[in-house]
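Hi everyone, thanks for coming. Let's take a look at this one together, starting with the picture on the screen.

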Amino acid sequence: MKHLKSLLIAAVLFVGMSQTVSAQAKVAHINVEELMTAMPEMKAANTQLENYGKTFETEYKAMVEEYQAKIKKYDQEAATVSDAINETRTQEVQEMGARIQQYQQNAGKEIQKKREEILKPILEKAKNAIQKVAKDKGYQYVLDSTVGSGVIVAEGPDLMADVKKELKF
């Protein structure tokens, strides 16, 4: 009876272990940043973002040049005008500096917004291809191995080549 009990316990443990091993998830990884950089659509997206940024840069440079010219002019005339005028000019220059800072912040936000808008369809295309390849190859999890993504060790299959093939490049 004691042997039967031990044999039964061993059988239950063996069955449990084999189910655990067969239930392990298949995991792969891919560097999404590298994939997106390699996608042909990124070249056009980067050009579009560069051009969009240049419109803000041109305006910003003009504002800064005007600001510097006023400061130079006001410094040269400071000794020959009244204190009231100098105070008004100081306030005007400070307000202009604040407007330039505000413009720079708004431009940064607008550029970021445009970047997200332009990259969203490219990211969706990459994501869909990754999901299709993962499903076709039977992976339950695909980790993003981009530096800084939180993946410390990425062992196992890299899906980069398969995803590039799916995207036809």
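Let me begin with a word I'll need: buried means under 20% relative accessible area, while exposed means over 50% and partly exposed lies in between, using a 1.4 Å probe and protein chains only. By that rule, 21% of the protein's 169 residues count as buried.

Now, where this comes from. It is a predicted model, where local features need pLDDT of at least 70 and side-chain atom pairs count only at pLDDT 80 or more, while totals for chains, interfaces and linings use all residues. Numbering starts from 1 along each chain as its sequence is written, and side-chain values use heavy atoms, leaving out hydrogens and water.

How confident is the predictor? pLDDT is its confidence in each residue, from 0 to 100; the average here is 87, and 85% of the residues score at least 70. Where pLDDT is low, the predicted coordinates should not be read in detail.

On to the elements, which are DSSP runs numbered from the N terminus: helices (H or I, at least four residues) and strands (E, at least two). The protein has 5 helices and 2 strands, in the order α-β-α-α-α-β-α from the N terminus.

Please find helix α3, residues 40–77. Its buried residues, including M42, F56 and Y74, pack against α2 (32–38) and α4 (83–137).

Technical notes:
pLDDT = per-residue confidence, 0-100. Expected span 1.5 Å × (residues − 1). Contact = heavy atoms within 4.5 Å.
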